[in-house]
Amino acid sequence: MPAAPPITGIVITLDEAPRIARCLRSMAPVCREILVLDAGSSDDTVAIARAEGAIVEHQEWLGYATQKNVAISRASQPWILLLDADEWLEPEAQARLLALFADGREAQADVWCLRRRAHFLGHRMRHGGFSREPVQRLFRGHLRYGIRPVHEQLDTRGCRVRRSDIRLEHETARSTDEYWTKLRGHAQLWGQDQANRGRFVVPGRGLLAALAFLIKGLILQGGILDGRPSLRLHWLHARYVVRKYRRLLIEQGC
């Protein structure tokens, strides 16, 4: 069997025992090493990760961006494949990633975007933006994430960024309540961050942004074709949009 590409697979974790094995097993065929940076799980995350052959190291939680940067700094390979514990690659995606490196095409870019597909409450999205969201998850190891409390992004200034045909699967939520709790937390962090950066919005901006999101996702991008699960997912995100702008208004003193 040929050696795996020169990729370090990275996952940052905290209490991900129910999902970590699937993620790591999907990375094993395409990564020369796999590094799990755990923030102090109280469940079996660490034991499962080690049983799957991953290198497991500990780092108390530093925030999403910094935690990822610490993990990247510990990688031994020149390329990074960074997944969340609730994400995984199907065999077809593994084959496409291997082909990218087998014929040398990986050298055409510094960052490759994968097409992420959401799975919401057991339903695999086939239409709309949630079926093909481009995410920067395969990149050269010298890159780092910009420091932000939420929705962190790679600093790609001066880099070549290209889209791939590699699909990434994402178990978006195990329950509506769990997902809404996550979105509320992100909304608060986003609002505080934007206020600290000096952003100013007027009342009503959130409602307009939420309406635009629904029209784009459900109508223009065809998300409505996925039926009720898509409607529920888009509605939760529309509520999130309203909430994050409301948080920003609160931070502004409005």
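**Close-ups of a predicted model**

At 17% relative accessibility, Ser41 counts as buried (buried is under 20% relative accessible area, exposed over 50%, partly exposed in between, with a 1.4 Å probe and protein chains only). This is a predicted model, where local features need pLDDT of at least 70, side-chain atom pairs count only at pLDDT 80 or more, and totals for chains, interfaces and linings use all residues. Residues are numbered from 1 along each chain as its sequence is written, and side-chain values use heavy atoms, leaving out hydrogens and water.

**View 1. Who sits around Ser41.** Look for Ser41 in the loop between strand 2 (33–38) and helix 2 (45–51); helices (H or I, at least four residues) and strands (E, at least two) are DSSP runs, numbered from the N terminus. Its side chain reaches the backbone nitrogen of Asp15 at 2.6 Å. Setting aside residues up to four places away in sequence, Ser41 touches Thr13, Leu14 and Asp15 (contact means heavy atoms within 4.5 Å).

View 2. Helix 6 takes in residues 205–220. Gly206, Ala209, Ala210, Gly217 and Leu218 are buried here. Seen down the helix axis, the buried residues fall within an arc of 135 degrees, so they line one face of helix 6 (the arc is that of the directions from the axis to the C-beta atoms). They pack against helix 7 (228–252), while Leu207, Leu208, Ile219 and Leu220 are exposed on the other side.

**View 3. Cysteines without partners.** The whole structure holds zero disulfides (pairs of cysteine sulfur atoms within 2.5 Å). The sulfur of Cys31 lies 9.3 Å from the closest cysteine sulfur, in Cys23, too far for a bond.

Key. A polar contact is a pair of N or O atoms within 3.5 Å; within protein, one must be able to donate a hydrogen and the other to accept it, and residues adjacent in sequence count only if both atoms are side-chain atoms. The expected span of a helix is 1.5 Å times one less than its number of residues.
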